[in-house]
Amino acid sequence: MIQLKVNGADQSFSGESEMPLLWYLRDILGLTGSKFGCGVGLCGACTVHVNGQATRSCVTAMSDAAGKEVTTIEGLNKNGLHPVQKAWMQINVPQCGYCQVGQIMQAAALLSSKKKPTDHEIDEAMAGNICRCGTYQRIRAAIKAAGGEMA
Amino acid sequence: MSEIENVSRRRFLAGGVIATGALVLGVRYYPRLLAGKKLPEHTNADRATLHPSVYLGIDSDGTVWIVASRSEMGTTSRTTLPLIVADELDADWKRVKIEQAIGDKRYGDQNTDGSHSIRSFYDAMREAGGTARFMLIQAAAKQWGVPAAECETDLHVVVHRSTNRKAPYGELASAAAKFPVPPKEEVKLKPKSAWRYIGKGEVSYDLEALVTGKAIYGMDARADGMVYASIERPPVLGGKVKSFDDKETLKVAGVRQTVPIDPFKPPPAFQPLGGIAVIADNTWSAFQGRKKLNITWDNGPNETYNSDAYKNELRATSHNPCKVVRNIGDADAVFAKGGKIHEADYYVPLLAHAAMEPLVALAEFKDGKATLWAPTQNPQAVQDIVSKELGIAKEDVICNVTLLGGGFGRKSKPDYVAEAAVLSKKMGKPVKVVWTREDDIKFDYFNAVASMYMKAAVATNGKPTAWLQRSVFPPIPSIFDVNAVYGDPAHLQQGWTDIPYDLPNLRVENGPAKAHVRIGWLRSVANIYHAFGIQCFTDELAHAAGRDPLDYLLDVIGEPRTIDFKGVEYPNYGASMESYPWETGRLRHVTQVVAEKSGWGKRKHGKGTGVGIAAHRSFLTYVAAVVEVEVNDQGEVRIPRVDVALDAGLVVNPEATRAQFEGAAVFGTSVVRSGEITATKGVIDQSNFQDYPVARINEVPAQTNVHIVDSDAPPAGVGEPGVPPFIAALCNAIFAATGKRVRDLPITKLGLS
């Protein structure tokens, strides 16, 4: 039996310990905000926070999530929108939107440790998150806007 | 009552499949209701108090329901089309609720591809809004006992100015519903000066849902009692299962059973590919069980396909005379005279779509009816293929359209939805088929590989006196007809037969190529390779003549004129030549605008840096791009700046349009940097983002400036036209920076990255 916290609530899981966290969140808990994009940690669509760190849930086994605190987009901010989500709306970032949950989780983790990242730091933090629609220019602008808001 | 307007020739191919190209509309169908006539009530708009059109309903509380009949994959069409309705209705956008249509022919064409949603439905949307507004005015006029001509509308109200009376739409809805739906001729549309939303635009109706994870994509669809399926498909197109052993699969926790799917009968069209489906309690168990399958395949004749050898075949074909698709003067006579002749071979490999949401569909077959939830660009094609596969009537196929996590043309082909439907019928319960990324890349309908041979004789000033171009590529119609080997007019028109240069001698040819994989539409389609070949060859000629590429490009485009396509099969993207003539002056204009905005010729470019330019018309939109690059000693390419100028006629949603052109530059960057699908013995070599990389944030243009040219021309496309000229301009910039001419994509072949 694996115990963990998801968005602040205690959960226990008795299935296969190798099951990736992503499929536990999506298929078992019904939290479908985190997306499946590649299954091998190459695209970032599945990004969640594990103990506050941006983590690819598609390559994180349930056994590795045991005892940890997992935050998904559904639990990113208890009261209204997170500053990153607000900035995403203000800059009108999404096109299809499928990757944006992962982008937002990655950006929120970046900004929690660094309020005013440089372009280079944004590149380093965000290069693992693919957007096939090509919204990168706006992602960069939104991170800067959100950073200004959070500072 | 329906009005059917034939806007272009319909093309029927084998099996009754309509080959619409990426674009040919076939029939434009504007359904209107007669007052009192009962139609099926699928939407809240249908059920609303006043519903003068299938696209629109108004409730007595003032809520305006607008039906989005086309699919949302990121282009904002689900918002922009309703915005046109709201404008003509004078509706308050905050009181508009958008609902997504199921697949139903009463909405007209729903295949959201070919960059024609606004173009083809602009009039229909205005008519829907204008009709409702007309009826609301009638109701108010009757209530007040004044002539309708004295009444007008303001935001969500009808007003009678001289008596200072106002009536909100909601209160009038019931009375308005008693009036007959007026004939189209009586409905007066608003003048441009009165537009509220058209030309100003609006952000996506779904914006908040998109940033909170609440938006529902196909991947997120769920049904009570559903099971999950992952399918091991024949690795070679047309292959079959010879034998299989699922003993180990059935031992995997969560796996319920395996189900064989029949191979397709050629041509493939949109049929399932066949294979063995693993059915499980969750997605991961299905994936794990699938890995344990032991299958022996009969690969069939496509086993001989190797992309390297195929490339050589295409090139050899292009070096010999092919089918002439357009001719002016006598190019051969000029070539025979000798003088300065320039030749080049250009090549673009197969490309995969790789939308962020892998293919997925949920189906429930029950009581003889199939209900589907799918991220599809074409719900009516879903109805067609599912009705055929299950042997039920089309009306018994209910296709719900979810949001799409990207489409780029792949999700116009509903093979994956058919798989779910077939499995649900066999299982007797809802089945969700989830493709892995590896499936998504290996079993794509690829953008065609193309080889192009270019030849020009030039005068002393470098200007071509004769021009020959041959393209050879496996055509999209090959998915509907195994014998199709030549390019069809719908794809030859895409930047090939319509080369816009003022040339005294021109021959445009196309050669045969047999397909060994499924070929399909991908964002801008044949324009990708055609614009690359023509616009980069033009740049070569400019440099060979020692001339400025901008000056040279304007020179070959020539003076403003309308291209005469007499004797050429030129479908013009399904639009009439009267409404959408090919005007070289507009191409010139965007070229001049982008040159000015980018500071062409004015900014200094040091060692390892350079700028490139290209211009191209596709999907009836004129676009020119200037790309600036820096290439270091290791051959690493950076793109500090891109400028794009576009003339898309009337632009309804400028903000969404800018986003499309920013995205097109990123899409084009992937093509140039790393886009390449290859095959060995009929099996696709690539599988995921490690071997089919797409551009990441550190590899894309740092800044893309989009310049929209004001135009009173009718609306044209914006989703695709940004891709082709960007690709060519980027390659031309790389030449300017390095002296390396990109003729084979991607640039890794030149040692660049």
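So, chain A splits into domain 1, residues 2–75, and domain 2, residues 83–150; those bounds come from an automatic or database domain assignment. Before I go on, this is a predicted model, where local features need pLDDT of at least 70, side-chain atom pairs count only at pLDDT 80 or more, and totals for chains, interfaces and linings use all residues. Residues are numbered from 1 along each chain as its sequence is written, while chains are lettered from A and ligands numbered from 1 in the order in which they are written.

Back to those two domains of chain A: their centres, over C-alpha atoms, sit 21 Å apart. Where they meet, 15 residues of domain 1 of chain A are in contact with twelve of domain 2 of chain A, contact being C-beta atoms, placed from the backbone, within 7 Å. On the domain 1 side, strand S3 (47–50) and strand S4 (53–56) of chain A are the elements giving two or more residues, and S3(A) has the largest share, with three. By class, that side is six nonpolar, eight polar and one charged. For the classes, Ala, Val, Leu, Ile, Met, Phe, Trp, Tyr, Cys and Pro are nonpolar, Asp, Glu, Lys and Arg are charged, and the others, Gly among them, are polar.

Zooming out to the whole of chain A, we get six helices and five strands. Those are DSSP runs numbered from the N terminus, helices being H or I with at least four residues and strands E with at least two. The order along the sequence is β-β-α-β-β-α-β-α-α-α-α. The radius of gyration of chain A is 15 Å, close to the 15 Å that the globule rule gives for 151 residues, so chain A is as compact as a globular protein of that length. That radius is over C-alpha atoms, and the rule is 2.2 Å times the number of residues to the power 0.38.

Now, how many residues of chain A touch chain B? It's 43, in contact with 45 residues of chain B. Helices H1 (21–28), H3 (83–90), H4 (100–113), H5 (119–126) and H6 (136–150) of chain A each supply at least two residues to that side. Its make-up is 25 nonpolar, twelve polar and six charged residues.

Last stop, chain B. In chain B, the centres of domain 2 and domain 3 are 37 Å apart over C-alpha atoms, and 13 residues of domain 2 are in contact with 14 of domain 3.

Methods. Contact = placed C-beta atoms within 7 Å.
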